[in-house]
Structure formats: structure tokens, C-alpha cells
Amino acid sequence: MKVIKTVADFWAAQRGYPRPLGLVPTMGYLHEGHLSLVRRCWEDNSTAVASIFVNPTQFGPSEDLSTYPRDMEGDLAKLEAEGVDLIFAPDASEMYPDGFDTTIDVGSIAQRLEGEHRPGHFQGVATVVCKLLTIVRPDNVYFGQKDAQQCLVIKRLNADLDLGAEVVVMPTVRDPNGLALSSRNAYLSDEDREAALSLHRALKLAESRYEDGVRDATMMRREMLALLESEPSASIEYVSVADAETLVELNSIERPALVSMAVRIGKVRLIDNIVLES
Ligand code: AMP
């Protein structure tokens, strides 16, 4: 496994590797969710590349960039065990050298939900993913449904700018209690972890109502909010029942719906979602 820190070295190194080539972009502090993407990458490709880059431009000024969990040594050991060929792990100065002055704004899909609550977030994501796809030129690139809106933004970006990768979305990996795995779970105390299960409970509530035939999205949002509000340490940013393609809020669920939420448990901001479809 080669660990590469510069764009020039990556271009030189990747020449000898067979196609198809798959890329798994990450911000590190890897868990089984990330590794599920790596394993799928192996199924589809002859060469597996992972990137580790905590992208500063997707964090807002009051967000957790400086405290974002990092463990490069542990991450490299996990990727080595999965047989990954190449790791691209640039420094911020390699990705954003002095004078860097280009950003990418994806349109309406990036403005809702997370876009509304984290101004500038998807501009940072789209810009760094565009750069990663341009540097690595993968045939296939892997993302997790856990970040459902990110997947939609990247599909739009990839199509609109002819970046030429197949975007593969993998299901959310959860712990045995249903908590979606996330690098940020490392910040949760034992008590917080218990409280964080309310997100999954709210999604299960929506799912069971849907299975009972409920199609009233307003009622569904209201019931989920009531469940989350009953958790004293939860502070709710949004609960959404939206068209799964456009993310426009629904009144009635007549087509696939993305049920999603952002909730703070103590200082930790968690997101989770499911898709309801018949
Ligand atoms: P991150 O390191 O948080 O930027 O995540 C890197 C990739 O892993 C993104 O495509 C995420 O959507 C994906 N990912 C994160 N958590 C999970 C999870 N629990 N299950 C599946 N994929 C995940």
C-alpha cells in the first residue's frame, strides 16, 4: 500500500495500476461504515484508492474542524488490512495552495436541509470532491447513504461537470442498537450515546407509520418531532420528509421520500435518514 501526499506523486504512482479503479473519499477516523465502502470498491474494481483529507472548507467557522477526530496511523492499518492499493492523504496546503480561488456551487439540491443549516458546507464538499475526482480520475466512486444529501449533490456535480465517475451509494452501517456509525460518535459520552438512539427511534417510528399506510408527511414530521423533543439532551435542527430526488418537502408521500434529521446531542451534531418507498 502506497501513501501519497501530493498530486504530482499520485499521478506518477497511479499509472501502473489496472482499471477499473475505484475511489473511496473519507475524512479519516475510519469505522465499519467507511470500510463497507472499501469492500464494495474491491468488488467492483481492480484497483482500490482511498483518500483521507479533513477538508477545512466544508466546516463553518463555529464548527468542529480543530477537534475533528484524527488517527492517521490507525486508519492506514485498517486500509492496509482491507488491501487498499493507494492512499491519497494530502495536506491542506497541497489541496489549497496560496492563491487558490475557485469554488463550486451546486444549485437547489445543495441549498436545502444541511445546506440551509450549514452555510457554505456543500460548496466546500463539491469543490473538494471535484478536485479529488480530477486528481484520481476513478471509474467508480463510493459514498454512504448516511450523508444522503451529499450523495445527491455529488451526483449532480458529477453529471453537470462531466466528471465521468460512476457514483455508487452504499447503505448506512449502524451499531447493534441502531445508531448510525459516524466519526463524530467518538465525542459521545455513554449518556449521550443513549440519547442519540432517539434519532433511530424517530426513523423507525416514521417507517412503521408508513408501513401502516400513513402518507401524511406533516403528521409524520410532527410525531417524529414529539419523540425527539421527549429526549431532554436532544436539540433539534430539522426533521424533514422530502421528495427523495429533489428534497422538496412533501405534504403527502406519494413517491419515494427521504426522511432525515439533524439533531444535537450535547455538543455533537448528528444526522440520520431513511428512504420510504413502496
Ligand atoms: P466521512 O469520513 O464522514 O466524510 O465519510 C466518508 C464516507 O463514508 C462518506 O461517503 C460517508 O457517507 C460514508 N459513511 C460515513 N458513515 C457511514 C455509515 N455509517 N455507513 C455508511 N457509510 C458511511
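What is the volume of the second largest pocket? The second largest pocket has a volume of about 190 Å³. The model is predicted, so local features need pLDDT of at least 70 and side-chain atom pairs count only at pLDDT 80 or more, while totals for chains, interfaces and linings use all residues. Residues are numbered from 1 along each chain as its sequence is written, and side-chain values use heavy atoms, with hydrogens and water left out.

## Pocket and cavity

A pocket here is an open set of points, on a 1 Å grid over the protein atoms alone, with protein on both sides within 12 Å along at least five of seven lines; a cavity is a set of points where a 1.4 Å probe fits but cannot get out; lining residues have an atom within 4 Å of a point. Grid points are joined across faces, edges and corners, and a volume is the space filled by probe spheres set on the points.

Fifteen residues line the second largest pocket, and I52, F53, V54, R70 and M72 lie nearest its centre. A search of the whole structure for cavities of 30 Å³ or more finds one. The largest cavity holds about 60 Å³ of space. Its lining consists of K146, L179, A180, S182, N185, A196, L199, L270, I271 and D272.

Helices (H or I, at least four residues) and strands (E, at least two) are DSSP runs, numbered from the N terminus. Helix α8 (190-211) and strand β9 (268-276) each supply at least two residues of the lining of the largest cavity. The most comes from β9, with three residues.

## The three-stranded sheet

Strand β9 also belongs to an open sheet of three strands, ordered β7-β8-β9 with antiparallel pairing. Because β7 (234-243) and β9 stand at the edges with a single partner strand each, one side of each is left without a neighbour in the sheet. Neighbouring strands of this sheet are turned by 10° against each other on average, direction ignored. Axes are lines fitted to C-alpha atoms, for helices over the stretch in contact, and angles run from 0 to 180 degrees between N-to-C directions.

Two strands pair if DSSP finds at least two bridges between them. Strands β7 and β8 (residues 257-265) pair in the antiparallel sense over nine bridges, and Y238 stands opposite A262 in β8. Helix α8 touches β8 and β9, and its direction makes about 20° with that of β9. Helix α9 (residues 217-229) touches β7, β8 and β9, and its direction makes about 160° with that of β7.

## The six-stranded sheet

Another open sheet has six strands in the order β1-β4-β3-β2-β5-β6, with parallel pairing. Its edge strands, β1 (2-4) and β6 (166-170), each pair on one side only. Here neighbouring strands are turned by 25° against each other on average, direction ignored. Helix α1 (residues 7-14) lies across β1, β3 (47-52) and β4 (86-88), running at about 165° to β4.

Strand β5 (residues 140-144) pairs with β2 (residues 21-26) in the parallel sense over two bridges. The bridge partner of G22 in β5 is N140, and L23 stands opposite V141. Between β5 and β6 the parallel pairing runs over five bridges, with V168 in β6 as the bridge partner of Y142.

Buried means under 20% relative accessible area, exposed over 50% and partly exposed in between, with a 1.4 Å probe and protein chains only. Five of the five residues of β5 are buried. N140, Y142 and G144 point one way from the strand, and V141 and F143 point the other way.

## A buried helix residue

A126 lies in helix α6 (residues 121-136). This residue is buried, with a relative accessible area of 0%. Leaving aside residues up to four places away in sequence, A126 touches I104, V106 and L157. A126 and V153 are 27 residues apart in sequence and 7.4 Å apart in space, C-alpha to C-alpha.

How values were computed
Contact = heavy atoms within 4.5 Å.
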